[in-house]
Amino acid sequence: MDKIVIEGGTPLEGTVKMSGAKNAVLPVLAATLLTRGRNVIEGVPNVRDVTTMIKLLEDLGARVESYSNEKIILDTSKADNPEAPYDLVSTMRASCLVLGPLLARLGKARVSLPGGCAIGARPIDLHIKGLEAMGAKISLDQGYVHGKADRLKGIQFFFDTVSVTGTANLMMAAVLAEGETILENVAKEPEVVFLADILNRAGAKISGHGTDIITIQGTTSLNPIDCTIFPDRIETGTFMIAAAITQGDVTIENCMPQHVEPVTLKLQEAQVDIELGENKIRVKGKGPMESVNARTHPYPGFPTDIQAQFMALMTLAQGQSIIMETVFENRFMHVAELKRMGADISLDGHTAIINGVKGLSGAPLMATDLRASASLVIAALAAKGQSIISRVYHIDRGYVDIEKKLLNLGAQIRRVK
Ligand code: UD1
């Protein structure tokens with residue numbers, strides 16, 4: 001299994017280009033199941049979750065006509081197998097995004113339940129409740145969700161909890177349903193808004209995306225999808241923090257500054273210098289950072305997917321910072337590893353209390369989930385001495401060539417097989 005070896009202490013300097021957003025391309029790939037034809041998607045990030053989703057679509061009968069240079073042509077004319085098997089779904093929770101499209105397309109679906117994961121139970125009860133309300137008969141058997149439906153019907157549905165993939169799943173199902181669907185308390189993440197825009201370009205009638213209420217007028221068919229994925233805001237935030245923690249000077253290109261505003265504001269509060277351009281952000285360390293509190297929240301709040309990386313940064317800030325995780329119940333797996341590097345962190349339920357220390361020291365570290373791994377890389381870049389991070393398959397799920405991008409910025413980093 002691969003490991004990443006980092007000698008910390010070098011300020012990052014130079015320019016780095018962001019890749020397409022993983023969380024945007026996954027629902028768009030699932031949405032190709034709503035079409036019958038040649039879908040063209042550009043700006044596809046080459047990460048393992050994307051490879052998994054493509055494999056899943058191939059399993060369902062889609063044909064990859066070509067896939068190179070971040071461009072995939074996917075023919076869904078014959079994607080008529082309703083079964084998403086355990087071995088693929090279990091490696092990636094976002095596989096449940098095919099449930100709504102399969103029911104809308106085939107009137108049946110057999111999708112393995114994603115199961116627990118490192119950052120909490122993460123149920124899909126709201127996805128199921130919504131699809132049942134749309135007329136699907138759903139049962140659970142041998143770890144699989146079985147769904148059957150004649151044509152799905154439009155509904156009015158309120159999400160008890162704001163759910164990103166839940167919103168995407170029901171929106172996709174509603175696009176081919178009969179009549180009007182009103183989804184309330186929906187996710188406003190840029191990835192959800194993008195999906196709605198792309199579906200509209202393919203012939204769907206969705207309005208209200210980007211607000212708390214999405215309305216969908218059902219239609220009978222969609223044209224194939226043709227789109228370019230926008231840059232990854234979580235990758236952008238991760239590189240901003242990596243630049244800040246090493247007291248570096250990094251220009252992040254091909255990014256969308258408006259999508260990372262909550263991260264920008266927190267970094268500025270911590271006394272990191274930030275210059276915003278149209279599609280770029282320059283991040284410069286300017287001496288000791290100040291402690292800042294943060295509370296995760298659905299978009300446009302501070303992203304839970306940046307919480308671990310921001311905590312790594314706060315371990316080296318002056319004073320005490322309090323970070324609250326409100327989206328997931330168990331997303332502090334990185335804390336134990338950061339403490340092994342000398343961080344002073346204590347946990348009280350959903351709250352982490354971080355007292356800044358003068359320095360971190362390199363250590364053997366274990367990646368536990370995707371964003372926790374990124375926080376360990378960030379901490380290791382600033383730590384004195386060598387860190388060896390194992391289980392880096394977690395990081396490969398969501399970051400394109402992270403060690404190459406960091407190497408180009410001057411980091412002393414290598415991957416060992
Ligand atoms: C998506 C993102 C993930 C991000 C998360 C929160 C993708 C592929 N993944 O995950 O990177 O960390 O949003 O921003 O886009 N919940 C329920 N019942 C449900 C669905 C969700 O209780 O049916 C709960 C979850 O357990 C969690 C909260 O709602 O506590 C938010 O989860 P959700 O927004 O659904 O996360 P994902 O869509 O899985």
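**Helix packing, cavities and backbone**

Guide: H5 and H6 are roughly parallel to each other, since their angle falls under the 35 degrees used as the cut-off. Keep in mind that this is a predicted model.

Visitor: At what angle do helix H5 and helix H6 pack?

Guide: Helix H5 covers residues 125-133 and helix H6 covers residues 164-175. Their axes are 9 Å apart. H5 passes H6 in a right-handed crossing, and the packing angle is about 20°.

Visitor: Which residues of H6 make the contact with H5?

Guide: On the H5 side, the contact uses Leu126, His127, Gly130 and Leu131. Counting both helices, the contact residues divide into four nonpolar, five polar and no charged. The H6 side is made by Thr165, Gly166, Asn169, Leu170 and Ala173.

Visitor: How far apart are the axes of helix H1 and H7?

Guide: Helix H1 spans residues 22-31, and it packs against H7 at an angle of about 35°. H1 passes H7 in a right-handed crossing. As for the spacing, the axes are 9 Å apart.

Visitor: How many residues of the contact of H1 with H7 are nonpolar?

Guide: H1 brings Asn23, Ala24, Pro27, Val28 and Ala31 to the contact. H7 brings Glu191, Phe194, Leu195 and Leu199. By class there is one polar and one charged residue, and the nonpolar count is seven.

Visitor: How are H10 and H12 oriented, roughly parallel or roughly antiparallel?

Guide: The axes of H10 and H12 come within 7 Å and cross at roughly 25°. H10 passes H12 in a right-handed crossing. Angles under 35 degrees count as roughly parallel, so H10 and H12 are roughly parallel.

Visitor: Which residues of H10 touch H12?

Guide: H12 contributes Arg371, Ala372, Ala374, Ser375, Ile378 and Ala379 to the contact. By class, the contact has six nonpolar, two polar and one charged residues. The H10 partners are Ala308, Gln309 and Ala312.

Visitor: On to the holes. What is the volume of the largest cavity?

Guide: Searching the whole structure turns up two cavities of 30 Å³ or more. The second largest cavity has a volume of about 30 Å³. For the largest cavity, the volume is about 40 Å³.

Visitor: Which helices each supply at least two residues of the lining of the largest cavity?

Guide: The lining consists of Thr238, Phe239, Ala242, Ala374, Val377, Ile378, Ile402 and Leu406. These divide into seven nonpolar, one polar and no charged. The helices that each supply at least two of the lining residues are H8 (233-245), H12 (370-382) and H14 (402-408).

Visitor: Where does Asn185 lie?

Guide: Phi of Asn185 is near 60°, a positive value in a residue other than glycine. Asn185 sits in the loop between strand E11 (180-184) and helix H7 (190-201).

Visitor: What is phi of Gln247?

Guide: Gln247 is placed in the loop between H8 and strand E15 (249-253). Gln247 is not a glycine, yet its phi is positive, at about 55°.

Key
Residues numbered from 1 in each chain as written. Predicted model: local features only at pLDDT ≥ 70, side-chain atom pairs only at ≥ 80, totals over all residues. Heavy atoms only, no water. Axes fitted to C-alpha atoms, helices over the stretch in contact; angles between N-to-C directions. Helix = DSSP H or I, 4+ residues; strand = E, 2+ residues; numbered from the N terminus. Parallel < 35°, antiparallel > 145°, perpendicular 65-115°, else oblique. Left-handed = near helix turned anticlockwise from the far one by under 90°. Contact = heavy atoms within 4.5 Å. Nonpolar A, V, L, I, M, F, W, Y, C, P; charged D, E, K, R; others polar. 1 Å grid on protein atoms, 1.4 Å probe; cavity = no way out; pocket = protein on both sides within 12 Å on 5 of 7 lines; lining within 4 Å. Points joined across faces, edges and corners; volume = space filled by probe spheres on them.
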